[in-house]
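This briefing covers selected local features of one protein model. Please consult the sequence and coordinates shown below while reading.

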Amino acid sequence: MDAANDDASIIVKRLRDGLVNDWNILENVFRLMQREETFWAQPQQWDEGKIVEFFQPENLKQLINLTVTEEAQAHSLDEIEQLCQLVIKYSVKTSHGRFHNQLFGQLDPFGLAGALITEALNAGAYTFEVAPVCSLIETEIISSVRKLAGYENGDGIFAPGGSSSNMYGLVLARYKFAPEVKTSGVFGMRPLVMFTSDESHYSFKKAAHWLGLGSDNCVAVRTNARGQMRLDDLETKIAEAKSRGGQPFFINATAGTTVLGAFDDINGIADVAERHNLWLHVDACLGGAVLMAHKHRSLIAGLERSNSFAWNPHKTCGVPLQCSLFLTRESDKLLDRCNSVEASYLFQQDKFYDVSYDTGNKSVQCGRKIDALKFWLMLKARGYGQYGHLVDHAINVARLLEDKIRLRSDRFRLVLDTHEYANVCFWYIPKALRVSSEQETEEWRQQLYTVAPKIKEQMAYSGTLMIGYSPLKSQNLGNFFRMVFTCFPILKDDELDFILDDIERLGENIVI
């Protein structure tokens with residue numbers, strides 16, 4: 001036993017003595033980050049570098065030793081650097097200017113700088129004591145966004161993603177409607193019913209499950225052909241819920257649906273919410289960026305009438321993942337009262353500073369990552385006015401792509417003639433399916449719906465372009481491409497021609 005203790009002491013001493021050298025790994029990592037192939041962010045590099053070196057999972061396992069064992073397998077900084085190189089090599093370069101696969105894209109360099117500082121500080125966003133500067137930064141961002149939204153008063157919190165931010169809205173709405181739920185639960189209550197469109201984010205159905213409401217009480221409201229919630233169907237669904245013995249309490253309006261980028265009529269939904277005394281939440285996780293826009297701010301008209309909203313600046317704006325806000329116009333410490341519990345080891349009330357800056361108790365989390373610094377640094381560097389111009393530019397580029405698709409109407413077809421946001425949804429029609437309108441039968445449509453997945457596979461192996469695809473079940477439409485523009489990269493017109501040309505090139509290789 002003594003020999004084992006001696007061996008352990010020797011190992012600990014060696015680790016302690018080696019820590020000074022271990023910190024040098026940061027120099028190696030920074031060197032890797034400065035190499036062109038880590039990001040492929042500059043336009044002159046886009047033709048040179050692949051977005052991804054794609055391999056199937058079992059093949060990728062052969063290229064990187066992923067196994068973790070009791071003993072170290074990489075003994076030098078050079079070996080650690082080689083592992084980092086492999087991770088970068090086979091990962092998707094989301095800052096490549098031709099990555100348009102998600103609702104986020106290329107990073108803003110100021111945001112990345114803020115993210116690096118955040119990681120290095122390794123603080124938690126629960127008390128001023130452990131994160132003094134970042135606590136003030138979070139408070140400032142919440143206040144600024146609240147004013148942009150038109151909330152005279154209110155509160156907010158940074159959350160780990162849009163699903164969590166939307167869930168904050170549900171929890172707060174339920175607490176205001178029935179505060180006793182916090183302590184006694186939902187036992188004996190009429191079933192609480194929430195309403196959201198059939199094109200809204202799936203997080204609402206998941207939230208209904210997690211919060212004990214039951215997914216059956218997350219009622220899907222029909223949308224029109226443009227993907228916007230139908231007010232007549234909303235009224236119908238509220239009446240039906242009441243007739244079944246349910247208790248309506250919450251409506252979600254979507255500002256920028258995931259696929260079409262559609263904006264619900266917030267003012268119209270607010271009228272319904274006020275008539276029925278329901279909480280109105282706006283899921284602006286995607287479309288919240290128009291808060292900063294100069295030309296397209298009207299897309300989110302009526303937001304000031306909502307009780308709460310969620311926004312993900314990591315979508316559209318170039319903030320590194322993740323950056324998500326929940327805001328409410330409700331004051332009187334409603335968010336604190338809803339979520340706080342006694343944690344006397346952390347949230348002592350007799351501290352030596354203003355404990356109002358200890359924001360952690362209004363969060364459902366304890367350890368909470370600081371996500372405000374990177375967004376704050378971006379706003380300090382550019383001001384939200386410049387981002388407003390970039391949001392307008394992304395939306396304008398989307399309209400330009402629609403124009404270019406119309407010029408190739410024999411080969412491409414838009415899902416909507418004009419989309420509202422920076423999304424553009426379309427089909428590519430390969431040569432074998434270019435027929436007269438009379439020949440576009442149901443069988444033809446089913447064949448067309450196989451095209452996007454096949455071209456997507458070609459994209460992955462080619463590495464020249466990444467665009468997502470999706471069906472739209474609410475409209476009974478099969479797979480089409482969903483192109484999403486973001487603030488970064490700041491695209492020029494000719495890049496749109498490359499996108500369409502590359503889809504055509506890849507489409508020549510598929511078999512129908």
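The model is predicted: local features need pLDDT of at least 70, side-chain atom pairs count only at pLDDT 80 or more, and totals for chains, interfaces and linings use all residues. Residues are numbered from 1 along each chain as its sequence is written, and side-chain values use heavy atoms, with hydrogens and water left out. Helices (H or I, at least four residues) and strands (E, at least two) are DSSP runs numbered from the N terminus.

**Packing of H14 and H17**

- Helix H14 (residues 372-406) and helix H17 (residues 493-507) have axes that come within 10 Å and cross at roughly 50°. H14 is therefore oblique to H17.
- Axes here are lines fitted to C-alpha atoms, for helices over the stretch in contact, with angles from 0 to 180 degrees between N-to-C directions. Angles under 35 degrees count as roughly parallel, over 145 as roughly antiparallel, 65 to 115 as roughly perpendicular and the rest as oblique.
- On the H14 side, Val397, Leu400, Leu401, Lys404 and Ile405 meet Asp493, Leu496, Asp497 and Leu500 of H17; contact means heavy atoms within 4.5 Å.
- By class, this contact between H14 and H17 comprises 6 nonpolar, no polar and 3 charged residues. Ala, Val, Leu, Ile, Met, Phe, Trp, Tyr, Cys and Pro count as nonpolar, Asp, Glu, Lys and Arg as charged, and the others, Gly among them, as polar.

**Helix H8**

- The end C-alpha atoms of helix H8 (residues 162-177) are 23 Å apart, which agrees with the 22 Å that its 16 residues should span at 1.5 Å a residue.
- Buried residues of H8 include Tyr168, Leu170, Val171, Leu172 and Arg174. Buried means under 20% relative accessible area, exposed over 50%, and partly exposed in between (1.4 Å probe, protein chains only).

**Gln82**

- Gln82 belongs to helix H5 (residues 77-89) and is partly exposed, with a relative accessible area of 46%.
- Gln82 and Asn28 are 54 residues apart in sequence, and their C-alpha atoms are 9.9 Å apart.

**Backbone exceptions**

- Most residues other than glycine have a negative phi, and most peptide bonds are trans.
- The Leu321 to Gln322 peptide bond is cis, with omega near -10°; Gln322 is in the loop between strand E7 (308-311) and strand E8 (324-328).
- The bond from Phe488 to Pro489 is also cis, with omega near 0°.
- Asn122 has a positive phi of about 50° and is exposed at 68% relative accessible area.
- Asn277 has a positive phi near 60° and is exposed at 69%.

Technical notes
Expected span 1.5 Å × (residues − 1).
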